[in-house]
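Dear colleague,

I am passing the structure below on to you, together with a written account of what a computed analysis of the coordinates turned up. Please read the notes alongside the model.

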Amino acid sequence: MSDGRAPGRHNLGTVISFEFRRTVSKPRFWLISLSVPLLIAVVVGLIALSGQTTAQRVESQDSASVTFTYTDASGLIDPAVAKAAGGTPVSDATAAREAVAAGTSQCHIDYPKDPLSQPIDVQGQDLGLFDSSRYNAVAAAVFQASIEKKIGDPTLAKLAVHPPEVQLVTYADGAPTAGIAGVIAPGIFLVLFYMAVLMLGNQMLNVTLEEKENRVTEMILTTMNPTTLIVGKVLALVGIGIVQGLVVGIPASIVFGLFSSSLGLAEPSAGVPMLGSFPINAGSMAIGFLLFLFSFLMFTGLLVAIGAVMPSAKEAGNTFGIVVMSMFIPLYAASLLVSDPHGVVSQIFTFFPLTAPVSALLRNATGGLYWWEALISLVILAVCGWLFLTLGVRLFRTGSISYGSRVKIGRALGWKAGR
């Protein structure tokens with residue numbers, strides 16, 4: 001009995017629904033997806049805790065008492081300041097060093113004649129890998145306090161040792177820019193792209209391999225067009241990727257928002273629109289989303305074509321490794337992509353299909369991608385994605401029953417039909 005819908009649409013909806021529900025209903029899917037934000041939370045928490053612990057350690061080292069001897073060839077050290085810090089002047093530096101080595105003295109400091117070109121030499125009893133740095137802190141504190149006392153004016157003394165903070169506001173096209181903090185929001189799409197391909201790559205390959213390995217392809221193709229089957233599976237993957245992106249992205253954004261101050265992120269300039277704790281640029285976010293979507297579709301089409309050619313998942317996995325390597329190549333040139341975003345190398349990386357996703361997403365996040373470059377990249381990704389997907393459908397239709405051998409692309413495309 002017919003439900004009034006065209007068979008193709010009915011089959012397409014059935015494939016999408018089946019593939020989507022089959023994946024998201026597996027506990028393994030949620031375990032992997034939720035483990036990523038959990039890992040991010042743990043890492044960010046450890047970084048914040050480490051920063052707090054380091055600050056407390058530095059504070060405790062500054063307040064810890066140290067007894068030391070010192071020689072002053074510079075004449076800049078104030079004896080009263082040194083005495084208050086636990087220092088005793090000596091004339092024989094060699095004997096003082098030997099006393100430290102013998103364990104009869106805790107620390108000795110040699111202040112050089114020219115502190116601008118010579119370091120302060122410090123010897124001390126070992127207090128451990130981290131606590132021994134208190135000797136450096138004492139030597140620097142005594143020197144700074146002596147300089148402040150010689151200058152006389154407290155304000156000038158503090159400015160000489162601790163210059164004032166500089167607050168930078170930059171502008172582009174008459175509007176304030178977000179600075180380094182503005183990279184985070186559009187940069188999320190780059191992270192999501194890597195995660196989508198790495199976490200869903202095997203499923204992309206299995207779009208055409210699963211039925212072939214299970215040897216049920218003939219049965220399926222008697223009731224369904226191969227284009228409908230593959231397009232349905234691809235659309236289901238897009239839905240799964242969106243769910244996975246939300247599951248990872250929302251908790252990660254919350255975590256970074258809570259710990260942004262502990263991570264030392266620069267404050268955005270005044271007047272920059274914010275989303276929670278992150279400054280945003282609507283244009284960069286829109287371009288980032290489109291680049292992510294078209295990049296995901298292109299790699300899906302490529303992996304579908306690879307799966308249609310290969311006879312087994314094992315052989316397809318080897319080729320998948322090469323594809324993943326192409327994704328990481330732009331990271332080795334990341335400094336060049338950021339420092340010279342419009343150079344020849346950056347242009348090649350941005351417009352070559354396999355390196356375009358990462359290169360364009362990186363340049364977009366750092367503000368080095370012109371709108372027309374983004375448009376060209378989107379066109380390239382869309383065209384390549386369509387070509388790869390069309391090729392995958394054609395190869396799957398021709399080689400769907402080639403269970404034990406690799407599909408010959410030329411024969412599948414009809415290049416040898418006349419021979």
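**Overall composition**

The accessible surface of the chain comes to about 23100 Å², with 65% of that area belonging to carbon and sulfur atoms; accessible areas here come from the Shrake-Rupley method with a 1.4 Å probe, and for residues only the protein chains shown count as cover. Please bear in mind that this is a predicted model, in which local features need pLDDT of at least 70 and side-chain atom pairs count only at pLDDT 80 or more, while totals for chains, interfaces and linings use all residues. Residues are numbered from 1 along each chain as its sequence is written, and side-chain values use heavy atoms, with hydrogens and water left out.

The chain holds 16 helices and eight strands, taken as DSSP runs numbered from the N terminus (helices H or I of at least four residues, strands E of at least two). Of its 419 residues, 38% are buried, where buried means under 20% relative accessible area, exposed over 50%, and partly exposed in between. Among contacts (heavy atoms within 4.5 Å) between residues at least 6 apart in sequence, 71% join residues at least 24 apart.

**Nonpolar cores and surface**

A nonpolar core is a set of buried Ala, Val, Leu, Ile, Met, Phe, Trp, Tyr and Cys residues joined through side-chain atoms within 4.5 Å. The largest has 42 residues, of which Phe193, Leu291, Phe299, Leu303 and Ile306 touch the most other members. Helices H7, H9, H10, H11, H14 and H15 each supply at least two residues of this core, and H7 gives the most, with ten. Leaving aside neighbours within four places in sequence, Phe299 is in contact with residues including Phe193, Val197, Met204 and Pro357. A second, separate core of 14 residues includes Tyr70, Ile109, Tyr111 and Val142.

Serine 295, which lies in helix H10, is buried at 0% relative accessibility, and beyond residues up to four places away in sequence it touches Phe193, Pro357 and Leu381.

Leu375 sits in helix H15 (residues 371-399) and counts as partly exposed at 45% relative accessibility.

**Salt bridges and cysteines**

The whole structure has four salt bridges, each defined as a side-chain nitrogen of Lys or Arg within 4 Å of a carboxyl oxygen of Asp or Glu. One of them joins aspartate 78 and lysine 149 at 3.6 Å, N to O; because aspartate 78 lies in the loop between strand E1 and helix H3 and lysine 149 in helix H5, the pair ties together parts that are 71 residues apart in sequence.

Arginine 97 meets aspartate 110 at 2.7 Å, N to O, and also forms a salt bridge with aspartate 121, the closest N and O atoms being 4.0 Å apart. Through these shared partners, Arg97, Asp110 and Asp121 are joined into one network.

Finally, the search found zero disulfides, a disulfide being a pair of cysteine sulfur atoms within 2.5 Å. Cysteine 107 is buried, with a relative accessible area of 1%, and cysteine 384 is buried, with 14%.

With kind regards

Notes:
Buried means under 20% relative accessible area, exposed over 50%, partly exposed in between (1.4 Å probe, protein chains only).
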